[in-house]
Amino acid sequence: MFKRILIANRGEIALRIIRACRELGVETVAIFSEADRGAPYLELADQAICVGSARAADSYLRIDRVISAAEIGNVQAIHPGYGFLSENAHFAEVCRSCDIGFIGPTPETMERVGDKNSARALAREAGVPTVPGSNGLVANEQEAVTIAREIGFPVLLKATAGGGGKGMRVAANDLSLASAWQQASAEAQAAFGNAGIYIERYIERPRHVEIQILGDQHGTIVHLWERDCSTQRRHQKLIEESPSPRLPPEIRRKMCEAAVRLAKTAGYYSAGTVEFIVDQQDNFYFIEVNARIQVEHPVSEMVTGIDLVKAQIRIAAGEKLGFKQQDIVPRGHAIECRINAEDPASNFRPCPGRIDRIISPGGYGVRFDSHATTGYTVPPHYDSLVGKLIVHQPTRQEAIQTMIRALRELRIEGIKTTVPLHLEVLANTAFHEAQMDTTFVERMLAG
Amino acid sequence: MSAAENLGDLFNAKRVRRLIKLMKEHDLSEIDLKQADQRVRIRRGGEFVASSGALSAPAARSAAAEPSVREPVADSRMLLIKSPMVGTFYRASGPDSAVFVKVGDRIGPEKTVCIIEAMKVFNEIPAGVSGQVVAVLVENGAPVEFGQPLIKVDPEA
């Protein structure tokens, strides 16, 4: 086991990793930017090192400074969390060449699954269904039209280097395809420096269902079942849950097996997520792999009883998984709400600022993962996630009731948060009847 | 400390001062003491962050490389040369070389005041300011973080 680990991240996930390390008896080195100086969670680390000024590009994304911090902090490994450098294969490569463990998959695997286009090729190789679409990047507008006609409209243009919903456009016919092509390429170039676009059939009212996978360095790969993340707004997840309601058991089984097959083909180890889209006829299609721990990992932890962050650390230290697929028996229903510092009443305007008072909810089946404390100021430079509220109960209905109860108990004063939106979703009939798809929230908000 | 003198109250100020004195005498850069669920760790030079303990003890101030000078009343006019990177601070270009600057030296903005080694690269750090060196705040060979004050300069001297 490692003696010391550096956490190359901030906020709630940094706290999550620090907690796992403390339980494993591993010392921690936290890093922080000047905007995060004084954040209370840093005191829980054994050492904290400033790596730059507020902008992420000047601090958390500075590979040289993160590695220097790892060296002066005398660590054996780095946990990258999610976002920032977590899916940066070059960073993983630098770690390796500096003889510092990277808590995640190998750089080669990260490259193979990180590029959306190459991931699709990997899925085809593993016999995992993909959304009908172009076999690779589309060279130009003319080719786009040809392909679109083959696979059938409506089509979705997607940036190969994309994420967070950027560089995506829907085109319903030949005519709108031209402008969709221009816009998607331009947005992709601006956001990711890579204008590469591929095309897929656009699935109407899809459900977003993802499979959590976990592999060790000894060839064992298991799945921890699925999470349904259909409750999104503008491609940003709001609420995640497990199991996916209304997913036929046979489809669930096939998706989980497909995810493991894909992971094996990629030589994957550590934690990862295989994302699928499920259409209204329960056909599922591979979308992408997230080669890191995800924000919503607690949902799977509650349902399976497995601590995913500790598992990642153990796996990176070379330990065997210690359990087999048949040992992973899901129990009950878990739901997570992402509490963001945004004002739903003002078009989700970000609301950084000082939290004058925070009262965390508690009770049976309630978990609140948050780095925020009374007096903590949410900085404007990073994501707006203040905390994750997770509940776990024997049934979905009970989980919904507990979540409503916990959301009402949660008090965050001084800033606006998305709590009112969560309450609105949880009161909605379509949500209760599990009739959600990824368009649900926006339709609900439109009235 | 004698064996009879058990660690007792780890956070007794007198005891902490004594530990720091011992560290200087024996040129120790770091000590780490644990008893039950109390712990104190003292490192000379560089930024110190409080470690875990049953009592919330004040963090031991990092011992300055130069003898601590009574702060002049006009401290607010002092300039600080801060570290632009994360790495290890060196006062000279090699173990047998003369230090770049010492207290009392007059320097200009182009003057190299120290080296910070990061990822095996030795970076010469220019002063960026003019004046007289009042204090060197970091021990030779100590780790430094971004923004950490390295050298105090009096611009009016």
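**Entry 1: two cis prolines**

I started at Pro154(A), which sits in the loop between α6 (141-151) and β6 (155-159) of chain A. For the element names I rely on DSSP runs numbered from the N terminus, with helices being H or I of at least four residues and strands being E of at least two. The peptide bond leading from Phe153(A) into Pro154(A) is cis, and its omega is near -5°. I found another cis bond from Ser242(A) to Pro243(A), with omega near -5°. Pro243(A) belongs to the loop between β11 (236-242) and α8 (249-265) of chain A.

**Entry 2: ground rules**

I note that this is a predicted model, in which local features need pLDDT of at least 70 and side-chain atom pairs count only at pLDDT 80 or more, while totals for chains, interfaces and linings use all residues. Residues are numbered from 1 along each chain as its sequence is written, and chains are lettered from A and ligands numbered from 1 in the order in which they are written.

Arg246(A) is not a glycine, yet its phi is positive, near 65°. The scale I use calls a residue buried if 20 or more other C-beta atoms lie within 10 Å of its own, exposed if 12 or fewer, and partly exposed in between, with C-beta atoms placed from the backbone.

Phe348(A) also went into the notebook, with a positive phi near 60° in a residue other than glycine. I located Phe348(A) in the loop between β15 (342-343) and β16 (349-350) of chain A. Its count is 18 C-beta neighbours inside 10 Å, so Phe348(A) is partly exposed.

**Entry 3: chain A as a whole**

I counted 14 helices and 22 strands in chain A. The C-alpha trace spans about 60 × 50 × 45 Å along its principal axes. Of the 447 residues, 53% count as buried.

I then looked at contacts, where two residues qualify if their C-beta atoms, placed from the backbone, lie within 7 Å. Among contacts in chain A between residues at least 6 apart in sequence, 65% join residues at least 24 apart.

**Entry 4: the parallel sheet**

I traced an open sheet of 5 strands in chain A, in the order β3-β2-β1-β4-β5, with parallel pairing. Strands pair here if DSSP finds at least two bridges between them. β3 (47-52) and β5 (101-102) of chain A are at the edges with a single partner strand each, so one side of each has no neighbour in the sheet. Strand β1 (residues 4-7) and strand β2 (residues 27-33) of chain A run parallel and are joined by 4 bridges. In that part of the sheet I found Leu6(A) opposite Val29(A) in β2(A).

**Entry 5: helix α1 of chain A**

How many of the 14 residues of α1(A) are buried? I get 10, so the helix is largely enclosed by the rest of the structure. Among them are Ile13(A), Leu15(A), Ile17(A) and Cys21(A). The buried residues pack against β1, β2, β4 (77-79), α10 (308-316), β19 (366-370) and β21 (385-393) of chain A. After α1(A) comes Gly25(A), with a positive phi near 75°.

**Entry 6: domains and chain B**

Chain A is divided into domain 1 (4-103), domain 2 (132-201) and domain 3 (207-446), with bounds from an automatic or database domain assignment. I noted that 27 residues of domain 1 of chain A are in contact with 23 residues of domain 3 of chain A. Helix α1 (residues 11-24) of chain A gives the largest share of the domain 1 side, 9 residues.

Last, I turned to chain B, which has 1 helix and 10 strands. Buried residues make up 28% of its 157 residues. The contact between the chains takes 13 residues from chain B and 15 residues from chain A.
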